[in-house]
Amino acid sequence: MSEHVRRRRHRTVDRVVRILEAAARAPGGVSVAELARTVGAPASSVQDLVNGLVATGFLLEQHRRFRLGPAPHVLNLIAGRVVPRISQAELGELSRVAGTPVLLTVRVGLDAVYLARGGEDQIPRLVPLADRHVARPLLRTAAGRLLLAFTDEAERRGLLDELARHDPEAVAEFRSALPAIRASRISRSEGLADPEVSALAIPVTDGPAVTGALALMHRRRGRSERLALDRAAARLLAHIQETRM
């Protein structure tokens with residue numbers, strides 16, 4: 001029997017997640033008809049899911065429109081500091097020290113999601129990705145690769161098996177780079193997600209656990225950007241170490 005479980009997607013779970021995300025992204029709420037179009041399912045099926053989500057506090061209903069409820073926040077409170085807690089002011093200071101934009105990132109399933117950013121982004125088209133918390137493929141971002149490297153080993157194997165179905169070359173390359181990422185606690189992306197972007201990521205920790213990543217980005221022009229990111233990361237790590245003492 002395999003020593004790890006292969007993580008397969010589940011249609012109902014996928015629908016629930018897409019419903020919650022759609023509700024979270026709509027300040028005025030969304031209707032059942034809008035949700036049905038979003039998830040590509042019959043309105044009757046979506047109504048059943050929405051009823052259950054309202055009953056458990058994951059959605060709130062007002063005037064037949066649905067917004068995200070308090071349950072997700074309560075679960076985070078129960079679990080403790082699951083999501084890295086770095087204020088906007090702290091991110092701004094980290095960006096100033098590094099001399100580059102800094103993006104706070106977490107892993108959500110098979111994706112990396114930017115929670116917040118500090119500093120002025122040198123690549124304007126990337127700003128919406130951070131500000132709208134757009135999901136990015138794990139293996140195509142420096143932060144995603146770092147977070148995957150420090151995921152529990154059994155879970156990481158299952159995730160890689162699933163990722164290999166869609167991007168076997170990226171998985172093979174990541175497996176080769178994994179020991180170096182874990183040893184250095186630094187991950188890089190040289191144009192993996194965007195041919196014009198060079199990125200480097202360092203971990204955010206809570207005790208021994210890696211709970212997130214800080215991604216630093218530069219416009220990709222050559223070796224000079226890699227050296228600039230190395231220096232920025234060194235400044236950032238030194239600053240974090242000093243502030244923790």
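Visitor: Leaving aside its neighbours within four places in sequence, which residues is Leu139 in contact with?

Guide: A caution first: this is a predicted model. Leu139 is in contact with Arg145, Leu148, Leu163, Ala170, Val171, Phe174 and Leu192, once neighbours within four places in sequence are left aside.

Now step back to the core. Leu139 is among the residues with the most contacts inside the largest nonpolar core, together with Leu148, Leu163, Phe174 and Met217. That core has 32 residues. As a general rule, nonpolar side chains in soluble globular proteins tend to be buried together.

A second, separate core has 17 residues. Ala22, Ala41, Leu59 and Phe66 are included in it.

Next, helix H3. It spans residues 43–55, 13 residues in total. From first C-alpha to last it reaches 18 Å, close to the 18 Å expected at 1.5 Å a residue. Val46, Leu49, Val50 and Leu53 are buried in H3. These four cover an arc of only 100 degrees around the axis, so they sit on the same side of H3.

What does the buried side pack against? The buried residues of H3 pack against helix H1 (11–24) and helix H2 (32–39). They also pack against strand S1 (59–62) and strand S2 (65–68). After H3 comes Gly57, with a positive phi near 85 degrees.

Backbone angles deserve a last check. Most residues other than glycine have a negative phi. Two residues here go the other way. His63 is not a glycine, yet its phi is positive, about 55 degrees. His63 lies in the loop between S1 and S2. It is exposed, with a relative accessible area of 72%. Arg185 also has a positive phi, near 60 degrees, and is a residue other than glycine. Its place is in the loop between H9 and strand S6 (187–190). Arg185 is partly exposed, at a relative accessible area of 34%.

Technical notes
Residues numbered from 1 in each chain as written. Predicted model: local features only at pLDDT ≥ 70, side-chain atom pairs only at ≥ 80, totals over all residues. Heavy atoms only, no water. Helix = DSSP H or I, 4+ residues; strand = E, 2+ residues; numbered from the N terminus. Expected span 1.5 Å × (residues − 1). Buried < 20%, exposed > 50% of the residue type's maximum accessible area, 1.4 Å probe, protein only. Arc of directions from axis to C-beta. Contact = heavy atoms within 4.5 Å. Core = buried A, V, L, I, M, F, W, Y, C linked by side-chain atoms within 4.5 Å.
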